[in-house]
Each structure stands twice: as structure tokens, then as C-alpha cells.
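The structure is shown first.

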Amino acid sequence: MLTVGSADTIVVPEGERFGFWHDLIARESVPMRIHSAHSGDFRARAEVISLGEVVVSSWQYPSLAMQRTGRFIRRSDPEMYQFALPLSGHGGVEQERRENLFRPGHFAIVDTSRPHQSSHQRRSQHESPLTTLTILVPHDVIPLHPDKIAQVLGTTISASEGMGALLSQFVRQVMTHPEQYQEGDVPLLGSVARDLMTGMLAQRLDLTDALPTEVRGQGLRVQVKAFIEEHLGDPNLSPGAVAAAHHVSLRTLYRLFEAEDQTVAELIRTKRLDRCARDLRDARLRTRPIQSIAARWGFPDKAHFSRAFKSAFGMSPQAFRRDPRTRPTSVQRVRAQNPL
């Protein structure tokens, strides 16, 4: 699985927790001045995953106010852009004389080489600890002119639509399920993260047509795969429907997936069969008719589904459901022993 660096203030004495967190921010993010109304007993946790030049993180804390001044920049400047996605709470972000709300469902964008400040608080004392997902990426990794990116510093971009939604899904997936990836996947994951960030910025700046061909292609492939995942239950889902939904020709769609292991049609079929197999293994669905499961995932024809399933898994759906070897085992989520 991916290596996950983690740290928790609970491991140090109560009076030292905020100082521990302050040092952690300086080491794993960027040095800045931080304050908290909960500094007396600061309970917080961080998890960090390196995807090559791109670093994704999850931060949990009770409240924070952060300020990166010129003095801190002169002391240490990693020259990075930071994309921050709060999952709860409320606050604000300011850079380049632009002030915006720091709120769930929106990426806030700042440049570590320029002064900025932000705040994040719970809406009530009874709310759970705040969580923010962040992405740090070097300036030169994003293939857009710095002057263009400067136009969105201190602003926010929706994480619920367009490329922002895909970037949000990607970061959540990597942080929540690092066990689903191997260390050898790091270069590809870093490339996907870069292309999604670039695509989100380009979409906001109306510069998509100016992106390098390979970046546009990667971004479109991610969009297509997300679309397929979302519409697997539609029996009319086909390469033609996918192409029409993305306003490209079938030829363009086929060319887009030439370097992939599967064609679009194979990808649709494989994902549908995987969903069917998952449901057939689910003890909670033992009484649901097999054809009901098949239809749920886009196989309305019983005979066609049986043939496709047997071809993929080497046994009929009925035998698969009965076979104890297909029962899932309880897998504990394992975090790498790699403290920050």
C-alpha cells in the first residue's frame, strides 16, 4: 500500500501539543504563524501521502488561524501552490487582496510564495473536529503561466462540479483507501493529481484549449471514467453514449483509450461485472434475486449476463454466490508505521 505518514498530538503531554503541531506544520506543510482558541489542550491529527512531487494530506484539529507573512517566506519558500478543501466548519481565506469564505465543498487556492492568511472554526462547540484535505504542488509542475494562476489566488473553486469534483473524489479516494494502491503507482497517481489540478484551474480560467495535448487527454480520460462509474446502472450506457455525453466523436474516444489496458466497452463491462460480483458476495443481499442484481448494474438480459459473468469469473453467478471462497475476509485498514 501507499506509505502514509501520520502524527497525533495525543502522544505528547497536554501542554506541549500546540507547539508540537506548530512544528509539524512547518515541517510537513509551510512555515507560518498559527493560533488556536484550543491551544491549551490541542488535540489534532495529520496524515500525509507523497505522490512524488505532489503531496496530499488530511488534517484534523479543533480550530486554527494561520498567517504566512513576508518574514516566513524569506525564511523558507518551497514555491508551491496549495489547494485546501475543508470538509466541515467555516472560515475565510485571503491572498492578493482577495477575501473569500473558507467553506466545505470548495477548494481554496493560495501560493506559498506570497503572503496569505486563513481561519477555520467549528460552527458549534459540539461539532466534531474539523478536517481539511490539502494538496501541495510545486509551481513548475502546473503547465499554466504563473500570471494566469495569480488570477485565482485567494479565491475558491467548487469541488462539487466539473474538474473540481473529480479532484475532490481523487484526493478523498487516495487518503481514505491508500491500501488500494502500491508504491509503484505513485508516479501515475502524481500525474493524475497534476492533470486534475491543471484541468480545474484551466476550466476556471477558460484556458482548457491552451493545455498541452497530453494533459487534456488525461483530464478527459478521468472525466470519462468518472462518468462510466456514475452511469453503470444505465442499460443504455455504451461507447456511443459516453462519446455523446463528452461532445467528442467515437473515433476520438477510441483514440483517447488506445494506450489503456481496456477499450471503453471493455471498461464498462468489467466494472459492471465487478459490481455484480461485489453484490453477490454481500451477505446483506443474499435474498435478492440474481437477476435483480444484474439489472441493477446494466445487465437486463439474463442469458447475456450469465455468459459474461462465467467468462469473467469461471463459474456461473449462482455458483459464485454459493462458493465460500468468494466470501470477503475482514481486512483491517493498515497504516504504514511511518510517523511524521
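Helices here are DSSP runs of H or I with at least four residues, numbered from the N terminus. The model is predicted. In it, helix H4 packs against helix H5 in a roughly antiparallel arrangement, and H6 provides the largest share of the lining of the largest pocket.

**Packing of H4 and H5**

- Helix H4 spans residues 162-176 and helix H5 spans residues 186-205; their axes come within 8 Å and cross at roughly 155°.
- Because angles over 145 degrees count as roughly antiparallel, H4 is roughly antiparallel to H5.
- The crossing of these two helices is left-handed.
- On the H4 side, the contact involves Gly162, Met163, Gly164, Leu166, Leu167 and Phe170. Their partners in H5 are Leu189, Val192, Ala193, Asp195, Leu196, Met197, Gly199, Met200 and Gln203.
- By residue class, the contact of H4 with H5 consists of 10 nonpolar, 4 polar and 1 charged.

**The largest pocket**

- The largest pocket holds about 1400 Å³ of space.
- Its lining is made up of 35 residues, and those nearest the centre of the pocket are Val222, Lys225, Ala226, Glu229 and Lys271.
- Two or more lining residues come from each of H4, H5, helix H6 (213-230) and helix H9 (264-281).
- H6 contributes 9 residues, the largest share of this lining.
- In the lining of the largest pocket, 15 residues are nonpolar, 10 are polar and 10 are charged.

Terms used: Residues numbered from 1 in each chain as written. Predicted model: local features only at pLDDT ≥ 70, side-chain atom pairs only at ≥ 80, totals over all residues. Heavy atoms only, no water. Axes fitted to C-alpha atoms, helices over the stretch in contact; angles between N-to-C directions. Parallel < 35°, antiparallel > 145°, perpendicular 65-115°, else oblique. Left-handed = near helix turned anticlockwise from the far one by under 90°. Contact = heavy atoms within 4.5 Å. Nonpolar A, V, L, I, M, F, W, Y, C, P; charged D, E, K, R; others polar. 1 Å grid on protein atoms, 1.4 Å probe; cavity = no way out; pocket = protein on both sides within 12 Å on 5 of 7 lines; lining within 4 Å. Points joined across faces, edges and corners; volume = space filled by probe spheres on them.
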